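Subject: Structure handover

Dear colleague,

Please find below the structure I promised to pass on to you. My notes on what was found in it follow directly after.

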Amino acid sequence: MRPLKERLYETFSDIKADVSLAPYTSFKAGGRALFFLETGREEDIITLFKLQEEIPFTIGFLGKGTNLLINDTVINKVVVRYQPQDPVTFADNNRVIIKSGCLLQEALHLCLSNNRAGLEGAAGIPGTVGGAVCMNASSGLGYVTSCLEGVNIITGHDCGFRTKEELALTYRSSNIRPDEFIASAVFELPEVDDKAVSVIRQKIKKHLQQRRSRQPLSCPSFGSVFKNPPGHSAGELIEKAGLKGVSLGDVQIATRHANFIINKGRGQARQAYELIQLAAKKVWQHSGIRLQREVVLWGFSDSDSKAMIL
Ligand SMILES: Cc1cc2nc3c(=O)[nH]c(=O)nc-3n(C[C@H](O)[C@H](O)[C@H](O)COP(=O)(O)OP(=O)(O)OC[C@H]3O[C@@H](n4cnc5c(N)ncnc54)[C@H](O)[C@@H]3O)c2cc1C
């Protein structure tokens with residue numbers, strides 16, 4: 001059996017080895033991918049899955065990296081970033097098909113310009129459509145998935161359609177596994193008149209102003225660190241545990257919003273990870289509430305991940 005590197009290089013002309021992932025995350029920290037493939041072609045992802053039948057390796061699907069904390073070490077994956085051309089298709093019966101690598105803000109803009117309503121939940125969320133379905137992202141204007149019909153999925157075994165009901169969507173969670181790729185999402189977005197679009201745009205404007213006043217958006221972060229426990233705000237719990245402003249190196253629990261961890265310069269992923277553990281531990285000790293992580297971890301060991309649960 002030929003080594004993975006050789007097979008990858010002969011199959012993909014533009015695959016790269018040993019690529020720093022920090023620039024591909026909103027936190028601007030993290031280690032290097034063993035291999036990195038940026039592609040606009042779904043076929044490449046099918047080919048990659050086929051190669052796995054020949055040589056075992058792990059694939060990591062990267063969206064815009066806005067909900068990811070990647071360890072400062074070598075990431076033992078073939079990391080794939082899907083950047084399709086012409087990502088939005090307006091089809092019959094109000095259907096809008098959006099390729100997963102499309103940024104939410106681009107999708108929202110195109111939909112409103114075409115008088116389609118229903119994607120407002122995406123307002124202000126910096127990720128891609130694939131990442132948003134995977135994380136079941138939402139804003140004060142609703143869930144991104146509120147008008148979702150389903151997603152086209154590619155796995156090692158097949159390609160298929162999973163309906164919204166089959167995605168088991170709950171708060172910040174879906175049943176998409178790390179070894180499944182969302183190729184595109186199908187939404188049913190009704191056509192509305194110009195007046196309705198202008199009302200939506202006003203709502204979005206107000207919502208974005210509120211976000212700017214509440215969130216520390218001037219420094220790199222990965223958005224909310226923890227999910228809000230039922231009936232509580234994770235940020236308030238962290239603040240009550242006395243952790244607002246606590247730093248490790250250049251990484252800080254934000255003073256403006258304690259559920260954000262920010263990178264003030266040369267912060268490392270490990271420092272963010274330790275602050276996450278500290279926050280979970282202190283909130284448990286102070287309030288008896290177990291915080292659940294929202295941010296996805298790459299490259300931290302199983303035992304590290306278990307320690308987070310306390
Ligand atoms: C400043 C800031 C504000 C934020 N505000 C919000 C908010 O209001 N609401 C909210 O819900 N989130 C928010 N987030 C978090 C984040 O933007 C969302 O979770 C977003 O949906 C993640 O998308 P992404 O493309 O960046 O995914 P990534 O971070 O790249 O990946 C997240 C997960 O999705 C998986 N994934 C990504 N694409 C695919 C794909 N095509 N197929 C299969 N798996 C895939 C990845 O493997 C990973 O497990 C915020 C983040 C920041 C930095």
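Of the 31 residues around the ligand, those that come nearest are Gly63, Gly127, Gly130, Gly131 and Gly223, where a residue is near a molecule if its C-beta atom, placed from the backbone, lies within 6 Å of it. Two or more residues of this shell are given by each of β3 (59-62), α4 (129-135), β8 (138-139), β12 (181-188) and β13 (221-224), with helices (H or I, at least four residues) and strands (E, at least two) taken as DSSP runs and numbered from the N terminus.

This is a predicted model, in which local features need pLDDT of at least 70 and side-chain atom pairs count only at pLDDT 80 or more, whereas totals for chains, interfaces and linings use all residues. Residues are numbered from 1 along each chain as its sequence is written.

To return to the ligand, α4 gives the most to the shell, namely five residues. By class, the shell has 16 nonpolar, 14 polar and one charged residues, with Ala, Val, Leu, Ile, Met, Phe, Trp, Tyr, Cys and Pro counted as nonpolar, Asp, Glu, Lys and Arg as charged, and the others, Gly among them, as polar.

Two backbone details may also interest you. Asn94, in the loop between β6 (88-90) and β7 (95-99), has a positive phi of about 65° although it is not a glycine. Ala168, in the loop between β11 (159-163) and β12, is likewise not a glycine and has a positive phi of about 50°.

With best regards
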